[in-house]
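Hi,

Here is the structure I promised to pass on. Have a look at it first, and my notes follow below.

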Amino acid sequence: MAARMLMVCVLGSLLCQVWISAEPYHTQGELHPQALYPWRNQGNGMVRVKRDWIIPPIRVLENSKQVPEDLVQIKSDKIFTGVVIYKLEGPGVDQEPKNLFEIDDKTGIIRSKRPLDREKYRSFTLKAFALSPSGERLENPTTIEIMVLDQNDNRPAFTQSQFVGSVSEFSVPGTSVMTVLATDADDPMTENAYLSYSIIGQESFPANAVTKTMFGINNETGAIYTRDVGLDREVVKSFQLKLQIADMGGMGLTSEGVAIIHVTDINNHVPQFSPANYILTAEENRKDYEIGRVNVTDKDDPGTGNWEAQYSISNDPEGKFAISTDPATNQGVLRVVKPLDFEAQSQYKLILMVENLNPLSSKAPNLPVSTATVVVRVVNENEAPHFMEDPIRIVVPESVVPGTLLKSNIATDPDNSDLRYEISRDPERWLDINGDTGDISARRTFNMRSPHVKKNIYAAVVKVTDADGVSTTATVLITLKETNDFPPQLIPLSGSVCKDASRTGSGLVLTAVDEDLSPHAAPFTFEMPMDGSINWTVVQVNDTHAVLHPLVELEAGEYAVTVLVSDAGSPVLSAYAQVNVTVCPCDSFGDCRSEVGAILGSSVGISFIALVIIIACFVLLLLVLLLMAVAVTTCGRRHHIKKGTGLLVGESEDDIRDNVFNYDEQGGGEEDENAFNIDLLWNPHDIPSTPGCYYPASGVPRGKQPLRKDAPHNLPSPTYPRRPPADPTDIVDFINDGLEAADNDPNVPPYDTALIYDYEGEGSLAGSLSSIASGSSDGDQDYDYLNNWGPRFQKLANMYDPR
């Protein structure tokens, strides 16, 4: 098996292709030097060779102008036995892009129909077929690879029309600035796409600020770097570089580009005050307003942190001033943030310092921090008076004594002028204020129950005015402390108790009310007086209630029981109260019932016996009313007023005092005891047994009047006016004259003493009262038992003491 090499020149080309076959074959004649035999058979028996020809790729230059151009000719060895028809399929033939290649179906010559473009299609893979006239495949398809060879038909180009970068000022040589990039559409595996970068021009802004070459570029990578010193942003702001890119290693096609490089600022300049001394004025008692501005200069880039100033005040411990930066002008804005007082300090000397927002660069010169001196002069103004505190708080007991000083030294005037004080609001008129000193004092005792006291606080308003009429007000908040002003009052003062209460433990529930508030009210203490009744006791139930019940079983009737109730205040206040208790028999529900009901027992509804009792009581009531009518008629005959006479002129010539009746008059009270210390004791046994009419005037019958101890006995009585004047309008003088005579009469009690019973003659239909043992006289009575009745009767006992 000898190998065989065949060299055939491609048609229309100077290049030669080599085919190598690993299988020997036998030729039947000489091959055409430009023909390829991709199919070979062995012997006359049409035996196919074990391996076909291997055809290397066919190389075709792009942009060829010789079209159509024969590329290669293929042949089948079947041509020696019959007719062979050649067909070609694939991209460039019957697939997109179509009509680039064709094959001569008789000769097998493959040719290009149009120029090829490698940038669009780098290669084509086609399949060639050998067919019989009937369309039968005579051979297996053969693959033909066509490679398009590149030509330098594309210029390199930068990826951006303009590249922008930056570099810090004073950067050292070799500092990387930026990298530019270019591309070439030609075959990157050839010299056609081998690019080379270069800088062909440099321009500075401002123009001609820098003339030496400041930047270089790596011709392979496009990296731009600094190549010299002297980049100063204060001198040059930016550079514009003219770039060039070339293929073929710099010897081929070229293009140009632009790179803009900005020189960025570093903080290499210290801000400086300009000027360094200022004089400003400020108003007193104002705050949060601007008083002036200071200026600084800085050569760094405006609007950046290297240029922006930060101000501070080094000698303002009280923080009355503040300084900030105007972002537009970089000036320092000085403000007053706390009110200034001319009287306290009329001038301030401030030391200002300034620095940049960004820290200073290490490349900056070593200079001290710039400072400035600002003198602030305070302008004096008439200030309003000032209260020491607002609101003015006072804590006092509600029972403060009028005239008590509550508050002093409440206001001052910064200008030291005379002040006038007044109360502008005091709804209860509880306060007084000294117009010159402002001392607040209590005008009246306070009352916690006032509607103007809210949560124990009473509010008023005071006003102070200086000599120039400038005034101010302040609120006075008076916190009232509760005091024990009122004793508790026992309730109820009457009630009923069952007869068997001593055995059952029931009784009358008592409580108390107190006008004071806590802690001067409840808990209450209930107790019996030391000299109180021995038949009753009071049992404390809780802080506010107690039960009054008898210790022994008492007879049914009315009882007056004295109870002492005390509060929990400081000091403790107590009050005696007389409780009228009705002791009665009770039903099963604990309710009082009548004696008849007690005997008959309780039942639902009205029984026949109860109905009889009710009727009997009604008849008895009618009888009593009839007897009273007869008695009144009899007693009134002797005082009948004549028809047509004066108002006070009657038929009788008796003392006119007997014709004036006083009903239910009250005594003069405890204050009259010193002026009229009369004996009020009346012995009911001294009422005459003769029936007569008694009208209430003093509680004793006429003829047995109490004796006056403020005048000698048995003195003649003064002359009383007998008849009234003819003119009824003078009745007031008539009554006053009679009153004065009665008051000066030593034999009768005064006008405003206790009521008396006046004897009005005989003939009364009322029954006799002689059953009250009236046979005895005053001298027969022993009044020593009054000493055993307790302190409430001690005064009466002293009046009838025989000593």
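Helices (H or I, at least four residues) and strands (E, at least two) are DSSP runs, numbered from the N terminus.

Keep in mind that this is a predicted model, so local features need pLDDT of at least 70 and side-chain atom pairs count only at pLDDT 80 or more, while totals for chains, interfaces and linings use all residues. Residues are numbered from 1 along each chain as its sequence is written, and side-chain values use heavy atoms, with hydrogens and water left out.

**Helix α4**

Which residues of α4 are buried? They are F734, G738, A741 and A742. These residues cover an arc of only 100° around the axis, which puts them on the same side of α4; the arc is that of the directions from the helix axis to the C-beta atoms.

Two strands pair if DSSP finds at least two bridges between them. Strand β30 (residues 370-379) has a partner in each sense. With β23 (residues 277-283) β30 pairs in the parallel sense, over seven bridges, and V376 of β30 is the bridge partner of L280. With β29 (residues 347-356) the sense is antiparallel, over eight bridges, and here A372 of β30 is the bridge partner of L352. Strand β30 is also mostly covered, with seven of its 10 residues buried.

The loop between β29 and β30 is where you will find A364. A364 is buried, at a relative accessible area of 13%. Its C-alpha is 3.9 Å from that of N268, although A364 and N268 are 96 residues apart in sequence.

Now for β40 (residues 471-481). Strand β32 (residues 392-397) runs parallel to β40 and is joined to it by six bridges, with I394 opposite I478. Strand β39 (residues 457-465) runs antiparallel to β40 and is joined to it by nine bridges, with A459 opposite L477. The hairpin of β39 and β40 has five residues between the strands, and G469 there takes a positive phi near 85°.

Most residues other than glycine have a negative phi, and most peptide bonds are trans. Here are some exceptions to look at:

- N409 has a positive phi of about 50° and is not a glycine. N409 sits in the loop between β33 (405-407) and β34 (411-412), and it is exposed, with a relative accessible area of 53%.
- N456 is not a glycine either, and its phi is positive at about 70°. N456 is in the loop between β38 (453-454) and β39, and counts as partly exposed at 35% relative accessibility.
- F205 and P206 are joined by a cis peptide bond, with omega about -5°. P206 lies in the loop between β17 (196-205) and β18 (215-217).
- I491 and P492 are joined by a cis peptide bond, with omega about -5°. P492 lies in the loop between β41 (489-491) and β42 (494-498).

**A loop contact**

L517 is in the loop between β43 (508-513) and β44 (525-527). At 38% relative accessibility, L517 counts as partly exposed. L517 and N484 are 33 residues apart in sequence, and their C-alpha atoms are 8.3 Å apart in space.

**The second largest pocket**

On a 1 Å grid over the protein atoms alone, a cavity is a set of points where a 1.4 Å probe fits but cannot get out, and a pocket is an open set with protein on both sides within 12 Å along at least five of seven lines; lining residues have an atom within 4 Å of a point. The second largest pocket is lined by 15 residues, of which D531, G532, T562, W789 and R792 lie nearest its centre. The elements giving two or more residues to that lining are β47 (557-566) and β48 (574-584).

Cheers

Conventions:
Buried < 20%, exposed > 50% of the residue type's maximum accessible area, 1.4 Å probe, protein only.
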